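Could you walk me through the salt bridges in this protein? I have the structure open in my viewer and would like to know what to select at each stop.

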Amino acid sequence: MKIFNTLTRKKEEFVPLEEGKVRMYVCGPTVYNLIHIGNARPMIIFDTVRRYMEYKGLEVNYVSNFTDVDDKIIKKAIEEGVSADEISNRYIDECKKDMNGMNVKPATTHPQATQEIDGMIEMITSLIDKGYAYAAADGTVYFRVAKFKEYGKLSHKNLDDLQSGFRALQVTGEEQKEDPMDFVLWKPKKDGEPYWESPWCDGRPGWHIECSVMAKKYLGEEIDIHAGGEDLIFPHHENEIAQSECCNGKTFARYWMHNAFLNIDNRKMSKSLGNFRTVREISAQYDLQVLRFFMLNAHYRSPLNFSAELMESSANALERIVTAVSRLKDIRESASAKELRDDEKQLLAEAAGFTAAFEEAMDDDFNTADALAAVFELVRFANIKAGEESSAAFADNLLLQLVKLCDVLGLIVEKEEEILDKDIEALIEERQAARKAKDFARADAIRDELLAKGIVLKDTREGVKWSRA
Ligand code: AMP
Ligand code: ZN
């Protein structure tokens, strides 16, 4: 399996630190709003990387944070007259709903910055002790960039060039820095902001230190893969390397992966330009599987332009897989012969070639577009080679192969089995019994289970009524 490593700018064979195990950290969103489809790109891409590694038998410890203390969160909290916690908790919940809709698996751990302040104070203290950081008179703590000679190795920037660039850009109010390149590890509170006590001042952490600390706590001092969008290469990831390597004295991450940006109308999609679309808006128009397909149909290191036409063609393409799957199911159900015939065995050996092509594409730096092309070859093959005369085993084999490959990509291609009226009524009865027994957890679980299947319950004076949403 080869990965393009931003650090070396080369595709390299992936060799995990510990055999059979992968330690992977993906920078997550700052939670002050519904996520937009640009944020969805790294979620879908790196979830697919994880799924493929799991398919190959690797155990992936996947950590992705929520940045829940930040200027933008505080600003939104002030606007709404609520606490910063209320804002971040609300948008973490909403983000999880969107992830679920896109079939992005929950991370092994989703740490939150505000829960990890002790670790941050500890790492900053250690950086000060080692001479890599210093506290200014007002209690702001800075990282001493020039002391880390490898600074710039990820973004391929030269320390001297950076230094003169920063000098030209010197910002007022930062005179207390020893060097304009130095970045903040801890900053004093302002009125009305959330803060924590520290040896330097009441305040809060800088953004970069969060990820260094959370990666260390949940994955260790050395990790295999660190990932995020390409805008994070500099300064965020460069600063994470500086903090972690100076504190721990070890190489932080061996492989750095970065997805290219999602554009809209060929312009960078961003909140400041006001041209973003939320995942929630897309879900009103399409099944989010279509969005997932759209993302995977391009290479993750190529810029991708969002357009209505591409979404339409993604919807049609996905539908072709779904139709092939349900056709194979029909063939399997109505087949007169059960067992594989010899000619079918041969055909299955041929079909195995599509899985090989799929793996070859994924092994080549997760070329999901080529992997999807292999899936469509298999769809075409199944549409031609399976029919009324096929055995149940033949249809079943092709079906399993197709569903498995789609599952590696996180694409759900099997239509939900329809829930029958009698099953709904049985569950409603069970819910009533649970309520009578004051087992409200079970009662709620049943309501949620039905809701997930599109069944809405309504308590009326005449009893519980239900309808299909
Ligand atoms: P943020 O909440 O801005 O820190 O972003 C969370 C993640 O989404 C980071 O990995 C960003 O690099 C990524 N991201 C933000 N906007 C885009 C975009 N338009 N295209 C691709 N990735 C993006
Ligand atoms: Zn980060």
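Here is a short tour of some charged pairs. Keep in mind that this is a predicted model. It holds 39 salt bridges, and we will visit a few.

**Stop one.** Select Glu245 and Lys153. Their side chains form a salt bridge, with the closest N and O atoms 2.8 Å apart. Glu245 is buried, at 11% relative accessible area, whereas Lys153 is partly exposed at 26%.

**Stop two.** Next, pick Asp365 and Arg301, which meet in a salt bridge at 2.7 Å, N to O. This pair also joins distant parts of the chain, 64 residues apart. Look for Asp365 in the loop between α11 (342–363) and α12 (368–385), and for Arg301 in the loop between α9 (288–296) and β13 (304–306). Arg301, at 32%, is partly exposed.

**Stop three.** Move on to Arg341 and Glu344, a salt bridge whose closest N and O atoms are 3.5 Å apart. Here Arg341 is partly exposed at 33%, and Glu344 is buried at 2%.

**Last stop.** Finally, select Asp47, Arg51, Arg292 and Asp407 together: salt bridges link these residues in a network.

Note on methods: Residues numbered from 1 in each chain as written. Chains lettered and ligands numbered in written order. Predicted model: local features only at pLDDT ≥ 70, side-chain atom pairs only at ≥ 80, totals over all residues. Heavy atoms only, no water. Salt bridge = Lys/Arg side-chain N within 4 Å of Asp/Glu carboxyl O. Buried < 20%, exposed > 50% of the residue type's maximum accessible area, 1.4 Å probe, protein only. Helix = DSSP H or I, 4+ residues; strand = E, 2+ residues; numbered from the N terminus.
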